[in-house]
Amino acid sequence: MVKFSKQFEGQLVPEWKEAFVDYWKLKKDLKKIHALNTNNNNKNNNSHTLTNILKSSIGKLSLFGPKRRDHHGPIQVHKKLASSASKGDWYETELLEQFADTDAAKEFFACLDMQLNKVNQFYKTKETEFMERGESLKKQMEILLELKNAIKQQHCKGASVEDSKEDASISCTISCEEESVKNRAEAEQVQEQEQEQDGSSDLEKGEEPFANSPRSDEAGGISMRARKDDRKLRTLSDRVFSFQGKNLRINIPLTTPSRTFSAISYLVREDLVNQSSKKCNPNGTNLHINKTKLQHAEKMIKRGYIELYKGLGYLKTYRNSNMLAFIKILKKFNKVTGKEVLSIYLKVVESSYFNSSDKVMNLADEVEKLFIKQFAEDDRRKAMKYLKPHQRKESHSVTFFIGLFTGCFIALLVGYVIMAHITGMYSQQPDTVYMETAYPVLSMFSLLFLHFFLYGCNIFMWRKARINYSFIFELAPTKELKYRDVFLICTVSMTAVVGMMFIHLSLVTKGYSLSQVQAIPGLLLLIFFVLLVCPFNISYRSSRYRFLSVIRNIILSPLYKVVMLDFFMADQLCSQVPMLRNLEYVACYYITGSYKTQDYGYCIRAKYFRDLAYAVSFLPYYWRAMQCARRWFDEGETSHLVNLGKYVSAMLAAGAKVAYEKEQTVGWQCLVVITSSAATVYQLYWDFVKDWGLLQMNSKNPWLRNELMLRRKIIYYFSMGLNLVLRLAWLQTVVHSNIGHVDYRVTGLLLASLEVIRRGQWNFYRLENEHLNNAGKFRAVKTVPLPFHEVDEED
C-alpha cells in the first residue's frame, strides 16, 4: 500500500506546491511530540510506587472519584476576523488540557493553524480569479453569439451576387470613439514627452524625481509601457466599433503571418479610403467583420473555457488533497498523544472557506454545460475530449521493444566498428571516397538521434523533479511524447541507420559498383524524410506535424508569435550547426547527381556551396535573434534585446570559423580567437544568470538561487564547471589536435557530440528555471487573451 505522503506528493499541482498543506513539516512536529511522550512514559514507569497504585485504585471508586465536569475537550479553536475581507477568517487554537509536551503541542497547533489559514487564503484568491475569468468569458460569449446571429440574419435577408461569393459579413458602425481614442493617445504621447523633458530638466538641476516613492518609477514605467503596447496593438490589429449600443474593440493577436499581413493591408486600405474623411461623420464609417474574424474569436474563447475548466479542476484537487491531509495528520496526532482532537478540529476545517464554498463546483458545471452546447453541438463525449482529455497509457510492449532494438543496435554497431577498423576507413588517408560520401550521412544521423535521446533523458528527469514541462511547452496531454516513446524512436532509428551503413560498408569492401552502392545512404535519408512528412496516422503523426509546424515558425521568424517551444527548439538548432552542414553537403551530393560520377569534390568547389556554408552557419543564430526581436516587439522588455546581442556575437564567431576553415591564415585565426572568446563569455553569463537563474550573490545557497529542484547542490556546481569546459570546445578549431591516426572528421564528430551533450544539460536547467518562475507566481494554467473589449467613453 502506498504511503499517504507519496500519494499526497503525487497529487500536488507543481506550480501550487507552496500553497498546499506542509504535511512533512507537521509530521516532523509529531515526531518531536512522540519522542517527548516516550521519554516521559519511561520516567513515569520507573517512579511508580505502591502509594500511587493505591491512590489510582481508590480513585476509581465512585465515592472518592473525581466529579466529571463538562468542558470543550483538549483544545478549542477560535475564529477571528481578518483585517481585510480578501484574506478571510483566521483560526487560532487554544490548548485547554495540560499536554505532557506542551511546548511541542503548541508548536504543532500553531503550524496547523498557519497551514489552515494559508489554504483558505490561497483558495479564496484563486476562486476570485477564476470567477472573474468566468464572468469575462460569459460576456465574450454573449457578444460572439450576437455577432453570429447578426451575420445569419443578414445572410438570410439575401445579398447580391458579388456578396455571395465572399464570406458573410456584417457592417458595424465605427463610432467617433475611435477618433477620440486616437486623439487621446496623441495627447498622452505629447504629455509623456513633456514629462520626460521635465524629468530631464529636474536631473539637470540635481533633483531626484519621485524620491519619496521608490516603487513609483517601476509602476509608472509599467503603465507607460502598457499604454504604448496597447496603442501599438490597436494600431495594427483592432478597431473600435459600435454594435447594438456598445462600443467594442476586437483584438485578434498577430500570431501568424497571414494575420499580420491581413491586418497591415486592412489598415492601409482603410487609410487610403478614409484619408479624405478623417473627421467624425454623424453616421460614422462601416467596418466589415466577416466569418473568418469571428472564427478566430471563437477559437480564442473556446481555448479560454478549456483553460478555465482545467484551472477549476486543479482547484478541486487542491481542496480534496488538503482536506485529506488535515484528516490524516489529525489521526496521527490522536494516535501519538491519545487525545481526541480529530472531531474538534475537523469540524473547524469542514466549516472553513476552502471546504464550504461551492462557487467552484457551480462554475465548473456551468462551464461544462455551456461548452457542450456552444462548442460540441450538445455532444457531451465530444466536449469531454477537450475539457478532460485522457492521457495515453504506457504499454509494457514499448519497454520490450526498447530493449530489443537496443540490443540490435549495439550488436550492429560493434560489427560496423570492427569492419571499419579492419578496412581502415576511419584512418587518415590521402584519398578516401567513403569518408567524403557515406560518413557525413552517418554523422548527421548520429548527432540528430543523440540529441533526441538526451531529450528523452530530459523528460525523465523533468518528471522525477516534478517539472511541469507539458504546461511550459503547451503540449496536449493526449499527443505528447513520453520518455519511453522517445527512447523507442531513437533505438529503432539508429538500428535502421547502423544496419544500412553496415550493409553499405560490406558492399564497398566486396567491390560492388560504387555508382549503385553510393545510392544507399541517399536512399536512407529519403526514407526518413518521407516518413517525417507522411500524412497517414502512423508513427506518431501528431508529434511529427507539431515538429514541422515549429520548424516552420522558426524559419519564418519573426512573422510568428514566439512561444516557449519555438525558441526552445531554435536553441537546439544552434547546437546542431555541424549536423546542418553535413545535411547541406549530402543534399548537394545527391541532388546534383555527383554520386553517379563519384565527383565528391564538386560540391566543395562550387561557389554557391561555399556561400551556402556561411548561410547554414548563420541561420540558427539568425532565427534565434529574430525571435528575440519579435519578443521585444510583443513584450517590450529590453532583456530580449540583450539576448539578441548574444546571438549576434555567436553569428560573428561562426562566420569567422567558416572563413578560417577556408583561408587558414594567422589573421583569421586571431579573429576566431577574439570573436569566439567574446561570444563564450557572453554565453556563459547568460547561461548561469539568465537561463539557469544561478550566481545570485544574496541567495541562501552560495552562488545558486534560493529555490532548487535537486536536493544535492554539488550537482549544480558540477554542471556549471562542465558547461564551462564544453563551451570551450571551439578551441579545437584553432589547435587542430587529432586522436592518434583517426581522421579529422571523426574528431569533429566527437566535438559536435560534446556540444549536443552540453545542450542536453542546459535543457534541464532552463526548464527548471522556467518552472520556478511559474511556481513563484502560482501560474498553473495559461491566461488566454480575449477578442472583444468593451470601450467606455472615458477610456
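Q: What does exposed or buried stand for here?
A: Exposed means over 50% relative accessible area, and buried means under 20%. The model is predicted.

Q: Is Phe-529 buried or exposed?
A: Phe-529 has a relative accessible area of 52%. That is over the 50% cut-off, so Phe-529 counts as exposed.

Q: Where does Phe-529 lie?
A: In helix H20, which covers residues 519-532.

Q: How many aromatic pairs does a search of the whole structure find?
A: It finds 42 aromatic pairs. Take Phe-108 and Phe-109: their ring centres are 5.3 Å apart and their planes meet at 80 degrees, so this pair is edge-to-face. Edge-to-face calls for planes over 60 degrees apart. Phe-108 and Phe-109 are both buried.

Q: Which residues form one aromatic cluster?
A: Among them are Phe-4, Phe-8, Trp-16, Tyr-314 and Phe-778.

Q: Which charged side chains sit over a Trp ring?
A: Such a charge must be within 6 Å of the ring centre. The charged end of Lys-690 sits over the ring of Trp-686, 5.9 Å from its centre. Arg-759 lies over the face of Trp-762, 4.8 Å from the ring centre.

Q: How many residues has helix H18, and what follows the helix?
A: Helix H18 spans residues 483-509 and has 27 residues. From first C-alpha to last, H18 reaches 39 Å, close to the expected 39 Å. Gly-511 follows H18, with a positive phi near 85 degrees.

Definitions and conventions
Residues numbered from 1 in each chain as written. Predicted model: local features only at pLDDT ≥ 70, side-chain atom pairs only at ≥ 80, totals over all residues. Heavy atoms only, no water. Helix = DSSP H or I, 4+ residues; strand = E, 2+ residues; numbered from the N terminus. Buried < 20%, exposed > 50% of the residue type's maximum accessible area, 1.4 Å probe, protein only. Phe/Tyr/Trp six-rings, centres within 6.5 Å; stacked < 30°, edge-to-face > 60°. Lys NZ or Arg CZ within 6 Å of the ring centre and 35° of its normal. Expected span 1.5 Å × (residues − 1).
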